[in-house]
Amino acid sequence: MPLTTHMSRSFPVVGLGVVLVTAACSPSGSDPSEPDGETRTVEAANGAVEVPAEPQSVAVLWRPTLGAATQLGHDVVATMGTPGESGQGLEPFLPEGVDADALSVVTNSPSEEDVNIEELANTAPDLIIGVDTQVGAQAEMLDDLEQIAPTVLLEWEGTGAWRGHLEEVAEVLNEAGRAEEAVAEYEDAVEQAREELSDAGTDPAETELSLVRLQDESEVRLETSASFPGQVVDDLGFARPDEQVDPEGETDFVPRSYENLDSADGDAVFVLTGSGYPEAPDAFSDGVWANLSAVEEEQVFHGDHDVWGAGSYYAAHRIVEEVTAALTGEAEPAV
């Protein structure tokens with residue numbers, strides 16, 4: 001699939017745009033949610049929001065938003081995460097070398113409703129960026145959030161929204177130029193990977209790449225082209241098995257039982273496991289796996305779903321690197 005069908009450096013506004021730039025100064029003793037100094041007005045899922053023209057203390061209430069904000073050069077004063085987990089569950093959303101454990105986490109889990117309002121207020125943000133999903137949990141707590149700082153809610157429709165999310169966060173933070181750089185870097189990485197694959201004798205267009213998430217001991221999920229990892233391998237130009245092209249219903253995956261594992265076969269298979277299923281195996285050659293042609297050809301590889309499902313440009317780069325390493329013979333198969 002041509003790369004240009006997914007990406008554009010022109011950055012059209014996706015559901016959110018700057019509609020007004022104003023210069024204002026909040027009077028002393030005003031509502032803490034009123035920004036001081038110059039402001040801009042943005043249109044968000046929760047309507048028009050007046051935000052600081054140059055926010056200095058941004059809090060983010062979605063991990064992909066953390067990825068977007070740091071990709072755009074902003075540190076954050078508070079974020080969603082999971083204290084006690086390795087890197088507080090934040091490493092796939094951060095550049096290499098950043099100490100994820102040093103970030104101020106105001107949640108106990110990645111669930112959108114799990115926000116400690118008091119801890120968030122203690123971080124004194126001048127801007128809060130949250131999400132509006134079908135669940136609508138953060139929309140319901142909007143009044144509390146707005147008592148702390150101007151709050152922008154961005155629509156989130158699943159991990160496949162990762163590209164548009166960067167654009168929208170860039171609009172809020174007035175960082176369109178940095179966003180264009182991030183997209184260009186990713187496009188360059190994809191092009192370089194395609195060249196390396198070709199040099200190694202792999203033609204992505206003639207190679208069916210299967211993505212299989214082990215959800216639990218009874219269910220696997222086939223990642224379709226609508227999902228985050230599915231979009232990345234589509235960018236690389238790989239063919240996909242027939243059952244991994246279109247999702248079922250409103251999901252971006254196709255659920256299957258292990259008895260139907262043959263639908264997960266391909267010329268190469270990436271098996272994705274993560275912290276949501278800590279008992280998952282890390283090698284795949286016995287039992288129900290034995291009949292797959294990819295197993296017989298030793299073309300089954302392991303991937304960390306905490307990364308492959310992260311919905312961030314950092315994670316997209318990791319996927320590109322891992323697929324390239326596997327299909328150029330630099331990575332060991334998981335058989």
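Author: Let me begin with a sheet: five strands form an open sheet in the order 10-9-8-11-12, with mixed pairing. This is a predicted model, in which local features need pLDDT of at least 70 and side-chain atom pairs count only at pLDDT 80 or more, while totals for chains, interfaces and linings use all residues. Residues are numbered from 1 along each chain as its sequence is written, and side-chain values use heavy atoms, with hydrogens and water left out.

Reader: What makes strand 10 and strand 12 the edge strands?

Author: Strand 10 (253–257) and strand 12 (300–304) each pair on one side only, where pairing requires that DSSP finds at least two bridges between two strands. Strands themselves are DSSP runs of E with at least two residues, and helices are runs of H or I with at least four, both numbered from the N terminus. Neighbouring strands of this sheet are turned by 30 degrees against each other on average, direction ignored.

Reader: How do you know that strand 9 and strand 10 pair, and in which sense do they run?

Author: Five bridges join strand 9 (residues 219–223) to strand 10, and the two run antiparallel; since at least two bridges are asked for, they count as a pair. Within this region, Arg-221 stands opposite Pro-255 in strand 10.

Reader: Which strands does helix 10 lie across?

Author: Helix 10 (residues 313–327) lies across strand 8 (209–214), strand 11 (268–273) and strand 12, and runs at about 135 degrees to strand 11. Such angles run from 0 to 180 degrees between N-to-C directions, with axes fitted as lines to C-alpha atoms, for helices over the stretch in contact.

Reader: Why is helix 6 called roughly parallel to helix 10?

Author: Helix 6 (residues 176–199) and helix 10 pack at an angle of about 5 degrees, with their axes 10 Å apart. That angle makes helix 6 roughly parallel to helix 10, because angles under 35 degrees count as roughly parallel, over 145 as roughly antiparallel, 65 to 115 as roughly perpendicular and the rest as oblique. The contact (heavy atoms within 4.5 Å) includes Ala-182, Tyr-186 and Ala-193 of helix 6 together with Tyr-313, His-317 and Val-320 of helix 10. By class, this contact has 11 nonpolar, two polar and two charged residues, where Ala, Val, Leu, Ile, Met, Phe, Trp, Tyr, Cys and Pro count as nonpolar, Asp, Glu, Lys and Arg as charged, and the others, Gly among them, as polar.

Reader: What leaves one side of strand 5 and of strand 7 without a neighbour?

Author: These strands belong to an open sheet of four strands in the order 5-4-6-7, with parallel pairing. Strand 5 (76–78) and strand 7 (151–155) stand at its edges with a single partner strand each, so one side of each has no neighbour in the sheet. The twist averages 35 degrees from one strand to the next.

Reader: Which residues line the largest cavity, and how much space lies in it?

Author: About 60 Å³ of space lies in the largest cavity, and its lining includes Pro-64, Gln-71, Trp-162 and Tyr-313. A cavity is a set of points, on a 1 Å grid over the protein atoms alone, where a 1.4 Å probe fits but cannot get out, and lining residues have an atom within 4 Å of a point. The largest share of this lining, four residues, comes from helix 1.

Notes
1 Å grid on protein atoms, 1.4 Å probe; cavity = no way out; pocket = protein on both sides within 12 Å on 5 of 7 lines; lining within 4 Å. Points joined across faces, edges and corners; volume = space filled by probe spheres on them.
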